[in-house]
Every structure is written in C-alpha cells, then in structure tokens.
Amino acid sequence: VEASPVKFITLLTDFGMQDGYSGIMHGVIYRIIPDAHITDLSHAIHPQNILEGGLTWYRSYSFFPEGTVHVAVVDPGVGTNRRPMAARLGKYFFVCPDNGLITPILEAVEKAGEPIEFVHLNQPRFWLPQVSNVFHGRDIFSPIAAHLANGVPLAELGDRITNPVRWSIPRPIALENGWKGEIITIDHFGNLNININEQDIRNPQNLRVRIAGQDIYGLSKTFGDRAPGELIALIDSDHSLAIAVVNGNAARTLNIDLGEPVEVTW
Amino acid sequence: VEASPVKFITLLTDFGMQDGYSGIMHGVIYRIIPDAHITDLSHAIHPQNILEGGLTWYRSYSFFPEGTVHVAVVDPGVGTNRRPMAARLGKYFFVCPDNGLITPILEAVEKAGEPIEFVHLNQPRFWLPQVSNVFHGRDIFSPIAAHLANGVPLAELGDRITNPVRWSIPRPIALENGWKGEIITIDHFGNLNININEQDIRNPQNLRVRIAGQDIYGLSKTFGDRAPGELIALIDSDHSLAIAVVNGNAARTLNIDLGEPVEVTW
Amino acid sequence: VEASPVKFITLLTDFGMQDGYSGIMHGVIYRIIPDAHITDLSHAIHPQNILEGGLTWYRSYSFFPEGTVHVAVVDPGVGTNRRPMAARLGKYFFVCPDNGLITPILEAVEKAGEPIEFVHLNQPRFWLPQVSNVFHGRDIFSPIAAHLANGVPLAELGDRITNPVRWSIPRPIALENGWKGEIITIDHFGNLNININEQDIRNPQNLRVRIAGQDIYGLSKTFGDRAPGELIALIDSDHSLAIAVVNGNAARTLNIDLGEPVEVTW
C-alpha cells in the first residue's frame with residue numbers, strides 16, 4: 001500500500017476524554033504532519049480491556065481510506081518489556097503494543113490471504129526525544145504513526161518480527177443443531193454482541209436464542225420490527241448475532257455482563 | 001447554496017463515544033472526500049430521544065459556514081419503512097431519518113421564508129454497496145452527506161417529497177399575564193432549558209418564575225450575578241429562558257426531569 | 001512567534017460533549033478560517049474547576065506545533081466584569097477568561113524566561129456581532145482564536161495588561177527529609193497526581209509514600225512492574241509523583257478525593 005496523499009490516522013485508546021491525553025497525541029502528530037486528518041475512533045475502551053479494544057478496532061478499521069494508519073493503545077504493560085510494534089496488514093498500517101490488541105484484525109487479514117508484515121519498534125530516532133515509562137501513546141506510538149503516514153518504510157522503524165502476541169478470542173462451541181456462544185462486547189445502547197457469525201446460523205426464522213433464562217424465537221430484521229421493550233435477536237452491522245431490547249438497554253434489563261453464555265439452536 | 005470549497009460536515013447522533021460508530025462515519029466520508037472537515041456536534045444525545053436531538057441540532061447548525069452538510073442520526077426506526085431523507089433548508093444541507101428530527105430547524109427556516117427542498121433517499125448507487133438494517137448512519141447517511149458536500153444535486157439522490165414527518169414540540173400555554181411552559185432539555189451543567197422565548201417575556205425585572213414549588217424573582221443577567229448555590233432564571237445563549245443553580249446543577253438540586261412545568265408571570 | 005501556515009487551534013472546556021457547545025465553537029472558527037485544524041483537548045473538565053482546567057492545559061499545550069492557539073473556557077464568571085483575555089506566552093498563543101486558568105502555564109513560561117504578553121479583549125469588532133452573557137466561548141473566545149491564528153496581532157485585539165489573575169496552586173511543604181504534598185488532579189484511570197516534582201525527590205529507591213494511612217515503599221518504574229491490585233507510586237508522564245493501583249482505580253480503592261495529603265520521606 002502507498003500512503004494516501006491525504007494522510008489519515010485514527011486513534012483508539014482507553015485514555016478517556018477528560019485529561020487531554022488523546023489531544024496531546026493529536027499535537028505530537030501535527031508537529032510531524034501538519035496536514036494530517038486524525039479521527040478519534042474511541043477513547044472509551046474500558047481501562048486495560050484488550051479484547052474490547054481489539055474487537056472495536058476490528059469492526060472499524062476497514063471503513064477508512066486505504067493507507068490509513070490505525071493506532072491503538074490499551075496498554076497495561078506500558079514501560080515493561082512488552083514490545084511496541086507496527087504492522088502492515090492488507091491495505092492498512094497499524095501501531096500498537098504487542099499485547100494481543102491486533103489479534104482480531106490479524107486473523108481477518110490472514111483469512112483473506114492479504115500481506116502481513118510486523119516490526120518491533122526499536123529505533124528511538126523516530127520517537128519523541130524523551131520517553132516516559134507510562135505514556136508511550138504520546139512518546140512512541142504517535143510519532144511512529146506520523147512517520148508511517150509520511151511514508152517512512154516499516155523496515156526503518158524496527159526489526160521484523162513474525163510472532164506477535166495473540167489474544168485468545170472466545171469461540172463458540174458447536175452443538176448438535178446450533179452454537180453455544182457468549183457476550184463478547186456490550187455497546188453504548190446496551191446491545192449485546194455475541195461471538196456467533198451470521199454465516200454460521202442456519203434456519204434463522206426457526207431459531208431459538210436462549211440468554212439468562214429467557215427464550216427469543218426467530219431473528220428480527222431490525223429494532224423497530226417489534227414493540228418497544230421487547231427482547232429481540234438480530235444480525236448486527238458487523239454480521240454477528242446481537243441481542244437487544246427495542247428502544248431499551250438489554251444489558252441493564254437482563255442485568256448481565258461480558259461472558260454470559262448464549263445458546264442458539266434451530 | 002453552493003457547496004463551500006472546503007467541505008464541512010457535522011455529525012449529531014445518539015451513538016455514544018465508546019464503540020467506534022462515529023469514527024466509522026468519519027472513515028466512510030473520508031473515502032469519498034479525503035479533505036472533508038468533519039465536526040462531531042454531539043454523539044451523546046440520549047438514546048432514541050428525537051426531541052433532544054432535534055433541539056440540539058437546531059441550536060447548533062447556523063454557526064457553521066454556509067453550505068455545511070449537517071447529519072443527524074437518532075433513529076429508533078432504522079431499517080423499517082421510515083424514509084431516509086436529505087434536505088436543503090436555507091443556506092445548509094441536512095441528512096437524517098424522516099422521523100421528526102428536522103422539525104425545529106424546518107420551523108425556523110419556514111418562519112424565515114428561506115428555500116426548502118426535501119428528497120427521499122432512494123438511490124442506492126450513492127450508498128455503501130452493502131446496507132445493514134441497523135446502521136444507516138454508516139451505510140446511507142454518511143456517504144450521502146459526502147456526495148452532497150461534493151456537489152451532487154439533491155435531486156439526483158432521491159425523489160422530491162413535501163411531507164416530512166413533524167415532531168410535536170411542546171408549546172407554552174399563554175396565561176393572563178405570563179406563560180406556562182416546561183423543561184424541554186437539560187444540559188451538561190444541569191441547567192434547565194424552558195420552552196419560553198426571550199421575546200415573549202415582558203417586564204423581566206418584575207418576573208416571577210415558579211418551578212418545583214420554588215419561586216425565582218427577576219431575571220439574572222448571568223450566572224455570576226448571584227451567590228453560588230442560588231437558584232436563578234436567565235436568558236440562555238439560544239434566547240430562551242433557562243433556570244440554573246449558580247456554580248451548581250439545577251436538575252440535581254431540584255431533583256426534576258424533562259417535562260416539569262414552569263410558570264412565568266409578571 | 002509566527003502563526004504556522006497550517007492553523008492549529010485547541011479547545012479545553014468544562015462544556016461536556018452532549019449539548020453541541022464545543023461543536024458550535026468549531027463552526028464559529030471554520031467560518032473565519034475554513035482550513036483550521038481544531039483539536040478538542042478536553043471538554044470534560046469538572047464544571048467550574050479552574051485549577052483542574054489550568055493544570056490539564058499546562059500538561060498539554062507544549063506538545064503542539066509552535067504558533068498553535070490554545071483556547072480554554074472554564075468560566076464561572078462569564079458575563080460579569082471578569083476580563084476576557086488573550087496572550088502570547090513563549091511559542092504559543094492563549095485565549096481564556098482572566099480567572100487564573102492561565103496560572104500554571106504562565107509560571108512555567110516565566111521560569112523559562114520566555115516572552116510574555118497579555119491583552120484584555122475589548123475590541124468587539126473581532127467578536128460575533130451578537131454576544132450572549134452566558135456563552136463567551138462561542139461569541140468571544142472562538143472568533144478571537146480564529147483571528148489570532150489568522151495572524152491578527154495581539155495588540156489589535158485589546159489593550160495590553162500586565163496583571164492577569166493568578167490562581168493559588170497548592171504547594172508542597174518541605175519536611176526535614178521529604179515533602180508533604182496533596183492530590184491536585186485525578187485522571188480517567190483513577191490515578192492520583194501529586195504536587196511533588198521528580199526533581200525534588202531524593203533517594204527514590206528508599207522512598208516511603210504515605211497516603212490515606214497506607215505506606216508505599218520505593219518508586220515503581222511503571223504500572224506493570226507490580227502485581228495487579230497493588231498500590232504503587234511512580235513518576236508520571238508530566239514528571240510529577242503519581243499514585244496508582246496496578247490495573248485498577250486508586251481513587252476508588254482508597255475512596256479519596258482532591259486535596260488528600262500525601263507524605264513523601266526518605
């Protein structure tokens with residue numbers, strides 16, 4: 001991939017929005033690329049939640065222009081010997097700590113047979129001159145992203161590696177006539193994202209979805225197909241199964257959290 | 001209106017900031033207009049609150065450059081037969097579901113006698129190739145906004161319509177010497193926005209404002225005119241009546257919510 | 001300092017993200033500088049918390065390109081006789097109410113011996129034509145920032161002043177062999193920022209940090225050096241002392257708030 005003439009960088013972190021941490025990353029990038037276009041994908045990943053960060057990143061990255069540099073920092077190991085890394089995966093660049101954040105995207109790119117290249121960021125001349133032990137988002141990942149967007153080749157930024165850390169993503173278990181999955185993320189609306197894909201569901205109109213002792217029959221096409229307050233199952237915008245309460249908050253209504261089992265049978 | 005040489009797009013949704021939904025809309029727009037300037041007006045409209053979304057939109061739109069394309073997605077009916085629509089109202093373009101979100105702006109533009117043109121978005125060639133039933137913000141509204149900002153005429157995006165859905169905005173009731181209104185929005189500070197306009201208030205210095213069993217006498221010019229903790233009434237930055245607690249949170253102090261009646265007499 | 005060819009403006013306020021207030025400021029700026037690059041540093045300063053706003057501003061401003069115009073609005077005195085002001089301090093421009101927000105940055109620039117120039121914004125021709133008593137962020141500070149970024153000299157925007165209001169920043173008290181400080185801000189992660197600087201700490205490996213009846217021995221290099229759940233002290237990314245719970249929230253764990261005393265001895 002060639003860097004686009006307009007240089008796009010996205011940021012995804014667990015830094016929150018109150019302390020100026022994400023804004024500082026913009027500043028560091030602008031000092032290197034004054035005309036960068038920076039998008040804040042999310043700064044509200046739950047603190048240290050690498051799986052949520054990785055899945056949110058995976059659902060977002062491919063909607064951006066080719067060549068976009070995507071930065072993610074959910075980094076409980078900042079300043080330890082976990083490696084900072086950068087990658088070219090398919091048509092995009094990625095910058096993140098080597099702690100499993102990249103796993104969902106890496107798996108998708110592997111499945112698609114697209115190009116894969118990782119480097120260990122070990123060339124401090126591309127970092128800020130002074131590196132704090134606790135804010136690599138500012139001191140390493142932001143300047144690296146800017147240099148990548150500027151066209152600096154991956155190979156100059158560090159040594160090639162082939163063994164990025166992989167996060168164990170919960171997989172559904174095959175049943176005789178269905179799947180046993182679980183809630184892997186919960187969105188702003190309280191909708192529950194289940195680790196079962198659209199293509200693995202057969203006979204959607206005769207489906208039974210069981211969660212927290214309640215049964216849902218059939219898939220709805222969308223929220224407004226049923227009455228407000230009703231518990232429904234449907235295919236989400238990322239082609240996976242979701243459970244929602246129409247005009248309501250399923251997580252609060254069912255009083256459940258990540259990891260709750262969900263059984264789908266037909 | 002001509003599209004400005006710099007292309008401005010604003011986004012207002014109830015999507016929240018955690019899941020990457022609003023960032024994805026940036027990506028979709030940048031793929032069509034690499035040099036767009038995108039402003040996030042708000043992604044914290046309370047879920048499915050069309051009135052709050054419409055009023056927040058109304059208070060914001062006119063401060064942007066002429067030709068700006070304003071997108072709003074508060075869309076409980078996504079994927080049902082509610083129409084996606086676009087409009088030119090006065091000097092701006094608007095993109096939203098046809099569910100009443102546009103009502104406050106439409107009424108202002110009608111009152112000003114400015115040009116009005118609506119289309120039903122029914123030309124899928126301007127959408128993303130694949131349209132989810134649950135995320136038209138990504139698949140329909142964002143690409144349409146980009147094409148509008150790029151100068152594609154409204155008439156190419158869909159068939160003209162003249163009957164957009166109108167939301168019933170609560171009106172104040174005239175009293176012999178005053179008005180009976182209600183709280184229509186509550187802002188981040190806990191300030192209460194009342195549906196009574198500055199120009200409808202006579203004799204502001206002898207005013208009595210009654211809310212939740214408490215009386216406020218006279219209008220303050222601004223917050224700092226009275227002592228911290230005091231309950232005051234004043235004219236807000238949108239020229240309507242507001243009730244506030246100096247350096248405090250009126251909604252929490254009075255323990256009240258939207259719809260609470262407010263009586264103004266002189 | 002010369003304004004950079006790309007015009008950078010940052011915004012820091014206590015306006016929150018729900019009401020469109022910060023987005024409106026973008027619109028006002030774009031009407032004056034269509035190609036401005038605007039960064040939202042934070043809109044989540046706690047309402048009316050001038051000290052938190054000033055310290056967050058101080059930690060962020062110097063990471064931006066030289067010539068950046070930094071706007072801060074935490075303004076309980078909006079519309080009273082407190083002065084709106086603008087300044088050139090070192091390599092940057094600043095726009096804010098004259099209420100002490102600028103103090104931490106001003107002290108740093110004074111210490112560095114860099115140029116200092118303040119003006120009282122009293123030239124309404126550079127403001128929006130209509131000025132509300134309650135939203136100077138929109139009506140005065142945003143257009144002033146845009147004109148500054150456009151190269152309008154400070155001296156045209158108002159009369160020179162030399163006595164900006166200074167906020168009393170809590171200072172640590174020297175002990176025989178250490179310091180008695182306090183919590184001055186608490187970040188998104190619940191990490192506690194203490195008003196004791198790295199350079200004032202001697203003998204870091206034999207340090208004892210006492211907070212809320214608990215003792216911490218020695219400074220950690222970073223979070224991941226100790227076990228999850230452990231209470232640690234470390235040097236933060238702004239070179240001051242911080243107290244944290246590894247992968248946890250120190251403010252919640254210790255159930256403490258701003259102002260809590262912290263004793264450091266060696």
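Colleague: What covers the buried residues of α3(C)?

Modeller: The cover includes four elements of chain C: the helix α2 (50-60) and the strands β4 (84-89), β5 (92-97) and β6 (116-121). Keep in mind that this is a predicted model.

Colleague: Which residues of helix α3 of chain C are buried?

Modeller: Helix α3 of chain C spans residues 103-112, and its buried residues are C:Thr103, C:Pro104, C:Ile105, C:Leu106 and C:Val109. Just past the end of α3(C) comes C:Gly113, whose phi is positive, at about 70°.

Colleague: Which residues make the contact of α2(A) with α3(A)?

Modeller: From α2(A) come A:Gly54, A:Leu55, A:Trp57 and A:Tyr58, and from α3(A) come A:Pro104, A:Ile105 and A:Ala108. By class, six of the contact residues are nonpolar, one is polar and none is charged.

Colleague: At what angle do the axes of α1 and α4 of chain B cross?

Modeller: Helix α1 (residues 21-32) and helix α4 (residues 136-149) of chain B cross at roughly 40°, and their axes come within 9 Å. The two helices are therefore oblique to each other. The crossing of α1(B) past α4(B) is right-handed. On the α1(B) side the contact uses B:Ile24, B:Met25, B:Val28, B:Ile29 and B:Ile32, while α4(B) supplies B:Gly137, B:Arg138, B:Ser142, B:Pro143, B:Ala146 and B:His147. This contact of α1(B) with α4(B) has seven nonpolar, three polar and one charged residues.

Colleague: Now the sheet. In what order do the seven strands of chain B stand?

Modeller: The general idea is that strands of a sheet pair through backbone hydrogen bonds, either parallel or antiparallel. In chain B the order is β2-β1-β3-β5-β4-β6-β7; the sheet is open and its pairing is mixed. From one strand to the next, the twist averages 25°.

Colleague: How many bridges join β1 to β2(B)?

Modeller: Five bridges join strand β1 (residues 8-13) of chain B to β2(B), and the two run parallel. Opposite B:Phe8 stands B:His37 in β2(B).

Colleague: Which helix of chain C packs on the sheet?

Modeller: Helix α1 (residues 21-32) of chain C does, touching β1, β2 and β5 (92-97) of chain B. The direction of this helix makes about 150° with that of β2(B).

Conventions: Residues are numbered from 1 along each chain as its sequence is written. Chains are lettered from A and ligands numbered from 1 in the order in which they are written. This is a predicted model: local features need pLDDT of at least 70, side-chain atom pairs count only at pLDDT 80 or more; totals for chains, interfaces and linings use all residues. Side-chain values use heavy atoms; hydrogens and water are left out. Buried means under 20% relative accessible area, exposed over 50%, partly exposed in between (1.4 Å probe, protein chains only). Contact means heavy atoms within 4.5 Å. Axes are lines fitted to C-alpha atoms, for helices over the stretch in contact, and angles run from 0 to 180 degrees between N-to-C directions. Angles under 35 degrees count as roughly parallel, over 145 as roughly antiparallel, 65 to 115 as roughly perpendicular and the rest as oblique. A crossing is left-handed if the near helix is turned anticlockwise from the far one by less than a right angle, and right-handed if clockwise. Ala, Val, Leu, Ile, Met, Phe, Trp, Tyr, Cys and Pro count as nonpolar, Asp, Glu, Lys and Arg as charged, and the others, Gly among them, as polar. Two strands pair if DSSP finds at least two bridges between them.
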